[in-house]
Amino acid sequence: MKLYIKILMLCGCLIGIHLNTKAHYVTFCGEYVPIEQEDVSKKLMNVIKNWIRTVGGYELRQRANKYFHIFDYYLAAYGVPRDFKYLAVIESLLKHDAHSHAGAHGFWQIMPGTAKDYKLNITPGYDEREDLNKSTDAAARILRDYYKIVYNLTKTRSWILTAASYNNGPGNIK
């Protein structure tokens, strides 16, 4: 457990978790993360280990300094916790041209269908998912809407479930 806490302390500022080292707990968006559950702790440790291997700390901090205030503005405008700015770090390492094999693209790794639903234009040679302001505005609206959908499905107000739904779709949250 001590190694686990040390790794969390090293990576916490990059992945948006907050830790109380005296009480040994982790929160995200003010919600308790059940790290005592083996599946949760294993998944979190895998994310952290991958980050340690792949993240260029200096370059990422430079991009974070450049973009986080913009993320904070849009997230606040839609009532989404500021911790969600770290979702863009996890999704794209804050690279506007990041893309996935599934078709997600941009800072926030928005899928083409979702981009169209949120009025982002995708044409040959131009993709608004790469536009910092437009994609961040859309991502904040997506998160706000997914929070409401997750509540309607589970009768639980949970930003953690909202984060999970961002990758899996809100209909897949149980």
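Good morning. R141 is buried, with a relative accessible area of 18%; buried here means under 20% relative accessible area, exposed over 50%, and partly exposed in between, computed with a 1.4 Å probe on protein chains only. The structure on the screen is a predicted model, in which local features need pLDDT of at least 70 and side-chain atom pairs count only at pLDDT 80 or more, while totals for chains, interfaces and linings use all residues. Residues are numbered from 1 along each chain as its sequence is written, and side-chain values use heavy atoms, with hydrogens and water left out.

Let me first set out the overall architecture. The protein has 7 helices and 5 strands; these are DSSP runs numbered from the N terminus, helices being H or I of at least four residues and strands being E of at least two. Along the sequence, the elements follow the order α-β-β-β-α-α-α-α-β-β-α-α. Of the 174 residues, 47% count as buried. Among contacts with a separation of 6 or more, 49% are made by residues 24 or more positions apart, a contact being heavy atoms within 4.5 Å.

I return to R141 and ask which residue it pairs with in a salt bridge. The partner is D137, and the closest N and O atoms of the pair are 2.9 Å apart. By salt bridge I mean a side-chain nitrogen of Lys or Arg within 4 Å of a carboxyl oxygen of Asp or Glu. R141 and D137 both belong to helix α6, residues 132–154, and because they are 4 residues apart, about one helical turn separates them. D137 is also buried, with a relative accessible area of 18%.

How many salt bridges does a search of the whole structure find? The search returns 7. In general, side chains of opposite charge can pair when their charged atoms come close.

A second pair is R129 with D127, whose closest N and O atoms lie 2.7 Å apart. R129 is buried at 6% relative accessible area, and D127 counts as buried at 14%.

Elsewhere, D72, R82 and K85 are joined in a network of salt bridges.

I now turn to the packing of α6. Two packed helices are described by the angle between their axes and the distance between the axes. Helix α3, residues 57–77, packs with α6 at an angle of about 40°, the axes being 9 Å apart. The angle makes α3 oblique to α6. Axes are lines fitted to C-alpha atoms, for helices over the stretch in contact, and angles between N-to-C directions run from 0 to 180 degrees. Angles under 35 degrees count as roughly parallel, over 145 as roughly antiparallel, 65 to 115 as roughly perpendicular, and the rest as oblique.

Which residues form this contact? From α3 come Y67, I70, F71, Y74 and L75, and from α6 come L132, N133, T136, D137, A140 and L143. By class, these residues divide into 8 nonpolar, 2 polar and 1 charged. Ala, Val, Leu, Ile, Met, Phe, Trp, Tyr, Cys and Pro count as nonpolar, Asp, Glu, Lys and Arg as charged, and the others, Gly among them, as polar.

The next partner of α6 is helix α7, residues 159–168, with an angle of about 115° and axes 9 Å apart. That makes α6 roughly perpendicular to α7. On the α6 side the contact comprises A139, I142, L143, Y146, Y147, V150 and T154, and these meet W159, L161, T162, S165 and Y166 in α7. This contact has 9 nonpolar, 3 polar and no charged residues.

One further residue of α6 deserves mention: S135 lies in this helix and counts as buried at 0% relative accessibility. Beyond neighbours within four places in sequence, S135 is in contact with F107, W108, I110, L120, E128 and R129. R129 is the residue that forms the salt bridge with D127.

Finally, I note G30, in the loop between β2 (25–28) and β3 (31–33). G30 is exposed, with a relative accessible area of 70%. Its C-alpha atom is separated by 9.8 Å from that of S158, which is 128 residues away along the chain. Thank you.
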